[in-house]
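Let's take a walk through a protein model together. Have the sequence and the 3D view open as you read.

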Amino acid sequence: IAESGSGINTITATLGSGNNARTVTKTNSDYGVIEDAEATITVNGNSMAATHKITLNAAALTGLSGSVKLTVKAADNVGNESTSVNVANITIDTENPTIENLDFNVASGNQSYVYATTDASADYAYFIKGGTFKITGRTRDNVGIENTKVQVGSGEAEDVTPDGNGWDKDITPTGSTTVTVIATDKAENSSTKTIKLIFDTT
């Protein structure tokens, strides 16, 4: 933002429109703040100096959904006001990803058995004897999946790599445990599904 005459007096950023509009100024507001900034930004390969930084807090996004515009306008010290300029289209995503088609079976070469049961503490439950097992599933999201992880017990959650048919993960549990599938989307919304595995060796 630049002004060659009397100087900039006010800068106003507006997220959304109508009754749901959230306004942010250089004075700290309920929805965020505009601050002076010394930084370089690149637009279409061209670098330029940034003069201001807009910070939006969680309250600015509450009640909004879908795609909303962030516009900015400025006024100088004698009351001349610029037109509003659309500086960003922001997609507000509050929808959790979906974990579907979750299945649990013996892996190739494992001669063990899987017997489905129910358990109030998990989404799925199985009696197993031992060996290596394969978990398969698919994760979906309205904006996009950032990652899907599988965690066995309290161990490290490991990424799975999806393809056009979903994803799969081989695990070799050494005793009764709970397997957690965690899907996270690009807005950091997350969903989980749990599989309880009950060893039965008698």
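Start with two terms: two strands pair if DSSP finds at least two bridges between them, and helices (H or I, at least four residues) and strands (E, at least two) are DSSP runs, numbered from the N terminus. Before we use them, note that this is a predicted model, where local features need pLDDT of at least 70, side-chain atom pairs count only at pLDDT 80 or more, and totals for chains, interfaces and linings use all residues. Residues are numbered from 1 along each chain as its sequence is written, and side-chain values use heavy atoms, with hydrogens and water left out.

Now look at strand β5, residues 66-76: seven bridges join β5 to β6, and the two run antiparallel. Within this pairing, K69 sits opposite N89 of β6. Both strands belong to an open sheet of four strands, paired antiparallel in the order β2-β1-β5-β6. The edges are β2 (22-25) and β6 (85-92), each with a single partner strand, so one side of each has no neighbour in the sheet. As a bit of background, strands of a sheet pair through backbone hydrogen bonds, either parallel or antiparallel.

There's also an open sheet of three strands, in the order β7-β10-β13, again with antiparallel pairing. Here β7 (98-106) and β13 (167-171) are the edge strands, each pairing on one side only. Strand β10 (residues 133-140) pairs with β13 in the antiparallel sense over five bridges, and I135 stands opposite K169 in β13.

K169 deserves a stop. Is K169 buried or exposed? With a relative accessible area of 18%, K169 is buried (buried means under 20% relative accessible area, exposed over 50%, partly exposed in between, using a 1.4 Å probe and protein chains only). The side chain of K169 makes a polar contact of 2.5 Å with that of E158. A polar contact is a pair of N or O atoms within 3.5 Å; within protein, one must be able to donate a hydrogen and the other to accept it, and residues adjacent in sequence count only if both atoms are side-chain atoms. Not counting residues up to four places away in sequence, K169 touches F133, K134, I135, V150, E158 and V160, where contact means heavy atoms within 4.5 Å.

Next, the rings. Rings of Phe, Tyr and Trp (its six-membered ring) pair if their centres lie within 6.5 Å; planes under 30 degrees apart count as stacked, over 60 as edge-to-face and the rest as tilted. The structure holds three aromatic pairs. One of them is F104 with F133, which is stacked, at 5.2 Å centre to centre and 15 degrees between the planes. F104 lies in strand β7 and F133 in strand β10, so this pair ties together parts 29 residues apart in sequence. Both F104 and F133 are buried. Another pair, Y115 and F127, has ring centres 6.4 Å apart and planes at 35 degrees, so this one is tilted. Y115 is exposed, at 58% relative accessible area, while F127 is partly exposed, at 31%.

Finally, which residues have the most contacts inside the largest nonpolar core? They are F104, I135 and L197, in a core of 16 residues. A nonpolar core is a set of buried Ala, Val, Leu, Ile, Met, Phe, Trp, Tyr and Cys residues joined through side-chain atoms within 4.5 Å. A second, separate core of 12 residues includes V24, V68, V72 and A74.
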